[in-house]
Amino acid sequence: MNASIEQAAAKGAIVTPAVSVEIEGVNLSYGDNHVLKDVGLSIRPGEFFAFLGPSGCGKTTLLRLIAGFNQADTGRVTIGGRDISALPPWKRDVGMVFQSYALWPHMSVRRNVAFGLEERGVKRAEVDRRVDVALGLVGLSHLADRRPSQLSGGQQQRVAVARTVVVEPKVLLLDEPLSNLDAKMRVQVRRELHELQQRLGLTTIFVTHDQEEANSICDRIAVMNDGIVQQVGTPMELYENPVNLFVANFLGTANILDGRIASDSRHFELDGGIVVAAGGDIPPGSKLVFRPQHAVLAPADAEGAGIAMSCIVTGREFLGASVRYLVTIGTKPVAIDVPFQSGRDLIEISAPASVRIPQRSLLWLSN
Ligand SMILES: Nc1ncnc2c1ncn2[C@@H]1O[C@H](COP(=O)(O)OP(=O)(O)OP(=O)(O)O)[C@@H](O)[C@H]1O
Ligand SMILES: [Mg+2]
């Protein structure tokens with residue numbers, strides 16, 4: 001798609017100044033189902049922003065609210081500083097790509113892309129020019145005369161994107177646009193989408209329940225659960241400093257250990273009698289959380305720095321770049337990832353061993 005983008009840029013591609021999107025104090029209910037709960041988000045001009053969360057948490061509802069297909073009970077949405085809450089969808093300068101693509105089956109690719117411009121009464125020559133640019137942007141110029149049924153899933157997805165960007169929206173909304181594609185295509189098309197978004201500099205909101213997808217292409221992510229924004233941050237911020245157990249669990253694998261906070265608030269007694277020094281005050285109600293790759297697995301008698309917890313190795317999974325050891329600390333199963341080095345001995349199953357974690361890698365989190 002690179003070459004097509006270059007050509008499109010040379011022809012004067014569809015570029016509008018990037019705008020911010022502000023969502024303030026939004027509540028929305030379907031009957032007595034309170035779906036969005038006091039949602040507030042600031043999305044920066046030109047940002048590739050993700051709504052990430054499990055099925056049913058309200059992602060599509062929030063996207064449709066921005067597009068104007070849903071009305072909030074309270075709160076407002078502004079785009080580029082302008083309150084658009086009262087505007088109908090077609091006056092919002094927002095383009096939405098639906099999960100189903102919703103292409104017209106009886107129309108060619110070219111006519112599908114032209115449709116929105118024709119509806120707006122744009123002159124024929126201008127329609128042709130803009131459709132050519134949009135098809136070039138998504139690398140589909142050579143398939144312009146095909147019907148959607150004669151295209152692969154990935155190609156149909158690109159038609160849906162072309163059809164949306166051709167009307168020059170200020171904000172692009174993508175609702176799980178890759179969910180109909182197989183694993184390999186998903187990776188390819190998500191890179192293409194990212195490239196296109198960078199080229200157009202278009203403020204984009206991308207809905208997904210796939211953390212890898214959000215991590216790989218988005219500047220920042222809002223993690224949602226049950227209609228509540230749990231945390232907003234870059235993929236790395238969310239991974240390294242999750243605010244609660246939900247975010248820690250949703251972004252990557254997290255080991256979570258129950259225990260009792262000692263009366264001095266600085267020690268944590270795990271089930272099985274192991275005591276961990278926190279190096280500071282432990283917030284009330286916390287559990288001990290750490291990532292599999294932040295710990296080191298060593299022979300039981302090995303010396304070393306950090307917090308040491310004795311464990312028994314119960315299983316082993318070869319993951320390619322690393323080996324995931326399944327161990328039991330006290331009574332609790334835990335995963336430890338060790339980089340795989342060819343020729344190095346693996347730790348035996350059933351062996352007593354020691355898990356060591358730098359104190360700074362311990363997280364103290366609650367729900
Ligand atoms: N039109 C509707 N009428 C009533 N309830 C609805 C409607 N649309 C969605 N809901 C409910 O609102 C909640 C949020 O739905 P939404 O479609 O926003 O979730 P989502 O996060 O997009 O989930 P998914 O990942 O499965 O697409 C769900 O409980 C859903 O059943
Ligand atoms: Mg949805």
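User: Which residues are closest to ligand 1, and how many surround it?

Analyst: A residue is near a molecule if one of its heavy atoms lies within 4 Å of it. Here 13 residues surround ligand 1, and the closest are Ser55, Gly56, Lys59, Thr60 and Thr61. This is a predicted model, where local features need pLDDT of at least 70, side-chain atom pairs count only at pLDDT 80 or more, and totals for chains, interfaces and linings use all residues. Side-chain values use heavy atoms, with hydrogens and water left out.

User: Which element supplies the largest share of the shell around ligand 1?

Analyst: Helices (H or I, at least four residues) and strands (E, at least two) are DSSP runs, numbered from the N terminus. The largest share, three residues, comes from α2; β2 (33-43) and α2 (59-67) each supply at least two residues of the shell.

User: What polar atom of Lys59 lies 2.7 Å from an oxygen atom of ligand 1?

Analyst: With a ligand, a polar contact is a pair of N or O atoms within 3.5 Å. For Lys59 a polar side-chain atom lies 2.7 Å from a ligand 1 oxygen. Glu176 also has a polar side-chain atom at 3.4 Å from an oxygen of ligand 1, while Gly58 places a backbone N or O atom 3.0 Å from an oxygen of the ligand.

User: How much of the accessible area of ligand 1 does the protein cover?

Analyst: Accessible areas come from the Shrake-Rupley method with a 1.4 Å probe. On its own ligand 1 has 640 Å² of accessible area, and the protein covers 58% of that.

Technical notes: Residues are numbered from 1 along each chain as its sequence is written. Chains are lettered from A and ligands numbered from 1 in the order in which they are written. A polar contact is a pair of N or O atoms within 3.5 Å; within protein, one must be able to donate a hydrogen and the other to accept it, and residues adjacent in sequence count only if both atoms are side-chain atoms.
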